[in-house]
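Please open the model in your viewer and keep the selection panel at hand. The stops below say what to pick next and what to look for there.

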Amino acid sequence: MTVPAAIGRSGRSILKREGDGATPIADMKLLHGFTRGDRVRFLRTALPMRHIREDMLWCDQPGDPNYNRLVKAPFGPSHEELRRGDGLYDVCLVLDWNVSSRRRNRGSAIFFHLIRPGYEPTAGCIAVSLRDMKRILPSLRRGMTVRVV
């Protein structure tokens, strides 16, 4: 299945670095996902999904031992809030980019999430419409590969 998607504001890169705004050119396995159950309901998927709580954050501080990991608020080092007000992470799938085998500064939080209006570029993630995400989700399984070429 092919659907329109937004990628990083800096395009694609084979040399992904933290904060560069690029989407890594890579094969990335789907690990699990998060959802805002108060906004999006009845998602059909075999992927392990967790409801996003207020205290859920994602560490993007390369020097921290929790780099590119889910952390809990309060958390001092640099991080992203998963419970966003803009709806981008109402459905957010975690791709295995620098997660299973982490290296400092190689990039964090490469997610497959929802788009901004007009398919505005992301900070490095892959983003699709809610309608397309709901069409794709039933066929996704843990370990399936998302390929960026």
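Predicted model: local features only at pLDDT ≥ 70, side-chain atom pairs only at ≥ 80, totals over all residues.

Residues are numbered from 1 along each chain as its sequence is written, and side-chain values use heavy atoms, with hydrogens and water left out.

**Stop 1: the annotated pair.** Select His113 and Cys125, which the unreviewed UniProt entry marks as "active site"; such annotations may be inferred rather than shown by experiment, and their positions are given in the numbering used here. Both His113 and Cys125 are included in the lining of the second largest pocket (on a 1 Å grid over the protein atoms alone, a pocket is an open set of points where a 1.4 Å probe fits, with protein on both sides within 12 Å along at least five of seven lines, and lining residues have an atom within 4 Å of a point).

**Stop 2: His113.** This residue lies in strand 9, residues 111-114 (strands are DSSP runs of E, at least two residues long, numbered from the N terminus). His113 is buried, with a relative accessible area of 5% (buried means under 20%, with a 1.4 Å probe and protein chains only). Setting aside residues up to four places away in sequence, His113 touches, among others, Tyr89, Cys92, Thr122, Cys125 and Met133 (contact means heavy atoms within 4.5 Å).

**Stop 3: Cys125.** Move to the loop between strand 9 and strand 10 (126-128), where Cys125 is placed. Cys125 also counts as buried, at 5% relative accessibility, and beyond its neighbours within four places in sequence its contacts include Ala6, Gly8, Thr23, Phe111 and His113.

**Stop 4: strand 8.** Select residues 91-95, of which five of five are buried; Val91, Leu93 and Leu95 are on one side, and Cys92 and Val94 on the other. Strand 8 pairs in the antiparallel sense with strand 9 over two bridges (two strands pair if DSSP finds at least two bridges between them), and Leu93 stands opposite Phe112 there. Strand 8 also pairs with strand 3 (residues 26-35), antiparallel over five bridges, and in this pairing Phe34 stands opposite Cys92.

Stop 5: Finish with the open, antiparallel sheet in the order 6-5-7, whose edge strands are strand 6 (70-72) and strand 7 (79-81). Three bridges join strand 5 (residues 56-59) to strand 7, and Cys59 stands opposite His79.

Definitions and conventions:
Helix = DSSP H or I, 4+ residues; strand = E, 2+ residues; numbered from the N terminus. Buried < 20%, exposed > 50% of the residue type's maximum accessible area, 1.4 Å probe, protein only.
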